[in-house]
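Load the model in your viewer and keep the selection panel at hand. The stops below say what to select next and what is there.

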Amino acid sequence: MQKTPMNVVILRFPGTNCEFDTQYAFDKLGHKTELIWHKEESLPKKTDLVIVPGGFSYGDYLRSGSIARFSPVMKAVVAYANQGGKVLGICNGFQILTEVGLLPGALKRNNNLHFISKYQHLKVVNSDNAFLNQYSDSDILNIPIAHADGNYYIDDNGLANLEENGQILLRYCDALGDREVVNGSVTSIAGICNKEKNIFGLMPHPERAMEEILGSIDGIKMLQGFEQ
Amino acid sequence: MKAIVNVYLKEGVLDPQGKATRHALESMNFKGIMDVRIGKQIIIKLDTENREEAQKEVEEMCETLLANTVIEDYTIEIV
């Protein structure tokens with residue numbers, strides 16, 4: 001059955017660098033994409049999904065994502081998200097979503113202080129959501145990561161809430177699915193969502209796992225999850 | 001008037017840069033180091049002479065932008 005194409009809005013800040021990969025990924029899946037500059041004060045009326053893509057918005061000055069959150073477009077994104085609109089933050093996008101308060105916790109410098117860029121195994125922790133519904137719990141994926149500030153931090157209470165509400169999406173693991181310390185993240189968390197499960201954030205890059213020839217196609221089902 | 005803002009990771013939040021620096025100092029044979037924490041200092045020039053006003057204004061800057069209070073604490077010194 002032919003799926004209805006989604007209207008996917010991809011944000012651009014000064015320093016964003018994954019917007020075209022993300023656009024390519026959604027175009028490839030047959031969706032309509034539109035890049036939106038951060039100065040815009042509103043989102044297109046028929047937006048089905050907002051992507052905050054990866055990169056180094058504002059040069060990561062002060063803290064990753066801390067300045068982008070004050071861009072005019074983010075006000076519109078917060079309003080959209082608060083009305084139940086779906087938002088996905090990838091890498092720097094995840095950092096921006098925590099800074100703006102749409103997702104709990106914060107992303108610190110990797111514990112080994114290195115910029116880590118490699119393929120990384122991930123375990124699906126909760127698939128009962130719009131993002132990972134094409135997968136099953138405990139599936140093991142292989143998706144590239146590329147970040148210096150991916151060390152997810154949340155306090156013990158916050159972590160208990162995430163666990164209880166099924167908000168932990170993905171954890172770093174080895175090829176066999178055993179938890180792996182990659183960047184120092186609390187309990188190896190790689191991605192989370194909000195309690196209402198319409199706002200998603202992860203450090204790995206699904207848009208870079210769309211072609212077998214490039215090493216993995218595990219990102220396809222992630223992005224397809226959003227299809228109605 | 002000037003505000004000197006220090007932002008650093010909260011007690012209990014592991015500071016990877018501080019830890020690496022501590023190891024470096026120890027490998028250079030500096031003894032007795034109990035802990036190293038790394039933060040950043042932000043110096044803001046303000047066109048007010050009212051200390052209270054300055055303090056209040058800078059506090060708001062810290063809460064909204066300069067610090068991420070999920071992981072960071074800050075101090076403000078008005079000089």
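Helices here are DSSP runs of H or I with at least four residues, strands are runs of E with at least two, and both are numbered from the N terminus. The model is predicted, so local features need pLDDT of at least 70, side-chain atom pairs count only at pLDDT 80 or more, and totals for chains, interfaces and linings use all residues. Residues are numbered from 1 along each chain as its sequence is written, while chains are lettered from A and ligands numbered from 1 in the order in which they are written.

**Stop 1: chain B as a whole**

Select chain B, which has two helices and three strands. Read from the N terminus, their order is β-α-β-α-β. The radius of gyration of chain B is 16 Å, well over the 12 Å from the globule rule for 79 residues, so chain B is more spread out than a compact globule. That radius is taken over C-alpha atoms, and the rule is 2.2 Å times the number of residues to the power 0.38. The C-alpha trace of chain B spans about 45 × 25 × 15 Å along its principal axes.

The average for chain B is 95, and 100% of the residues score at least 70. For the model, ipTM is 0.86 and pTM is 0.94.

How many of the 79 residues of chain B count as buried? The share is 14%, where buried means 20 or more other C-beta atoms within 10 Å of the residue's own, exposed means 12 or fewer, partly exposed lies in between, and C-beta atoms are placed from the backbone.

**Stop 2: the sheet of chain B**

Select the three strands of chain B, which form an open antiparallel sheet in the order β2-β1-β3. Strands β2 (39-45) and β3 (72-78) of chain B are at the edges with a single partner strand each, so one side of each has no neighbour in the sheet. Pairing requires that DSSP finds at least two bridges between two strands. From one strand to the next, the twist averages 20°.

Now pick β1 (residues 2-9) of chain B, which pairs with β3(B) in the antiparallel sense over seven bridges. Within this pair, B:Tyr8 is opposite B:Asp73 of β3(B).

Axes are lines fitted to C-alpha atoms, for helices over the stretch in contact, and angles between N-to-C directions run from 0 to 180 degrees.

**Stop 3: where the chains meet**

Show both chains: eight residues of chain B are in contact with twelve residues of chain A, a contact being two C-beta atoms, placed from the backbone, within 7 Å. Helix α1 (residues 16-27) of chain B gives the most to the chain B side, with three residues.

**Stop 4: the sheet of chain A**

Select the nine strands of the open, mixed sheet of chain A, ordered β2-β1-β3-β4-β11-β10-β9-β6-β7. At its edges are β2 (32-37) and β7 (140-147) of chain A, each with a single partner strand, so one side of each is left without a neighbour in the sheet. The twist here averages 25° from one strand to the next.

Strand β6 (residues 116-124) of chain A runs antiparallel to β7(A), with eight bridges between them. Four bridges join β6(A) to β9 (residues 168-173) of chain A, also antiparallel.

Move to β3 (residues 49-52) of chain A, joined to β4(A) by three bridges in the parallel sense. A:Val52 has A:Gly89 in β4(A) as its bridge partner. Strand β4 (residues 87-90) of chain A is covered on both faces, with A:Val87 and A:Gly89 buried on one side and A:Leu88 and A:Ile90 buried on the other.

**Stop 5: helix α3 of chain A**

Finish on helix α3 (residues 92-99) of chain A, where eight of the eight residues are buried, so the helix is largely enclosed by the rest of the structure. Among them are A:Phe94, A:Ile96 and A:Leu97. The cover over the buried residues of α3(A) includes β3, β4, β5 (106-108) and β11 (199-202) of chain A. After α3(A) comes A:Gly101, with a positive phi near 90°.

Technical notes:
pLDDT = per-residue confidence, 0-100.
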